[in-house]
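Work through the exercises below with the structure in view. Each task is followed by a solution in steps.

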Amino acid sequence: MKKDMSLEEFKKRHGYIINGVWYPRVTSIVDIKSKPALYYFYAAQENFEVAQEKKSKAAKEGSIVHEILEAIVGGREIIVPPEYIGFKNGFENFLKEHTFFSKQDWIEKRIKHSDYRYSGTFDILAELDGFFSLVDIKTALEIYDDYRLQTAAYFYALNEEPFLIDRSGKKIVLPKYVEKRYILRINQIQICEICGAKKYLRSMGDKIKEGDSNCQHKFGEITYEWELKEFDSPEEDFKGFLACKDLWEWEYRDYLKEIGYL
């Protein structure tokens, strides 16, 4: 393997240091898996630089959406930019449709699994419809199977060591084991008043789905669309995650040996 970055850059890009110990990050490990949808995205772009710029815009948008929704859950005041109002309204509608309780200590905290030696940062833990649940928020156009691997890694770490780690390294003990894991997908959209097509409003470029492709669309006010999906079979998904981890360790074996991880 050819090293294309310094050891310190690798450690920062691919992991966290928790209590003086470096652990690889879940999202970095899962990225080793082939992602056909991402390849289609790159193929549709004018060039690689344009694709990277759009990916950067999407990542920034996702971060802002997370900040807005986590502020709502944590009871913090936040000014929502007009271009993000659909996400806010969608999340508030979700909260009306489900029983949901969380608190600041359960929002965006780091976890680690000491036996399998990985770390990560989840979005939200909550009492959702009577079950203590892991809720991961996505703004993608659909829910991908890859999310099963990511949430399984969090799920097993949380139940192996039922505490969270805040930015200062302090432990926050959980009241009980995590029972379920979900993806909450939220998008802001406009609906064509003629054919019902949906225009997904995205910083990386709007996308129209459904409806009549020949329609001279007349889109209405900004609204929202949300989907809550529960993942079953955590054991199967965790095996998939560990397979990714084995391949990831092989790919970066030179760095990992230098760190002392292997």
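In these exercises a residue is buried under 20% relative accessible area, exposed over 50% and partly exposed in between, with a 1.4 Å probe and protein chains only. By that rule Trp-248, at 1% relative accessibility, is buried. The model is predicted, so local features need pLDDT of at least 70 and side-chain atom pairs count only at pLDDT 80 or more, while totals for chains, interfaces and linings use all residues. Residues are numbered from 1 along each chain as its sequence is written, and side-chain values use heavy atoms, with hydrogens and water left out.

**Exercise 1. The surroundings of Phe-155**

Task: Find the helix that holds Phe-155, decide whether this residue is buried or exposed, and list what Phe-155 touches.

Solution. Step 1: Phe-155 belongs to helix α6, residues 146–160. Helices (H or I, at least four residues) and strands (E, at least two) are DSSP runs, numbered from the N terminus.
Step 1: The relative accessible area of Phe-155 is 11%, so this residue is buried.
Step 2: With contact meaning heavy atoms within 4.5 Å, and residues up to four places away in sequence not counted, Phe-155 touches Leu-134, Val-178, Glu-179, Lys-180, Arg-181 and Pro-234.
Step 3: Ile-111 is 44 residues from Phe-155 in sequence, and the C-alpha atoms of the two are 9.8 Å apart.

**Exercise 2. Aromatic rings**

Task: Classify the ring pair of Tyr-144 and Tyr-147, then that of Trp-248 and Tyr-252.

Solution. Step 1: Rings of Phe, Tyr and Trp (its six-membered ring) pair if their centres lie within 6.5 Å; planes under 30 degrees apart are stacked, over 60 edge-to-face, and the rest tilted. The count by this rule is 19 aromatic pairs.
Step 1: Tyr-144 and Tyr-147 have 5.8 Å between ring centres and 75 degrees between planes, an edge-to-face pair. Tyr-144 is partly exposed at 28% relative accessibility, whereas Tyr-147 is buried at 12%.
Step 2: For Trp-248 and Tyr-252 the values are 5.4 Å and 55 degrees, which is a tilted pair. Tyr-252 has a relative accessible area of 19% and is therefore buried.
Step 3: Trp-248 and Tyr-252 are also in a cluster linked by ring pairs, together with Phe-10, Trp-22, Tyr-255 and Tyr-261.

**Exercise 3. Salt bridges**

Task: How many salt bridges does a search of the whole structure find, and which residues are linked with Asp-237 in a network?

Solution. Step 1: A salt bridge is a side-chain nitrogen of Lys or Arg within 4 Å of a carboxyl oxygen of Asp or Glu. The search finds 16 of them.
Step 1: One of these joins Glu-92 and Lys-88, with the closest N and O atoms 3.1 Å apart. The two are four residues apart in helix α5 (residues 85–97), so about one helical turn separates them.
Step 2: Asp-237 and Arg-148 meet at 2.9 Å, N to O. This pair links distant parts of the chain, helix α7 (residues 234–251) and helix α6, 89 residues apart.
Step 3: The network links Arg-148, Arg-181, Asp-232 and Asp-237.
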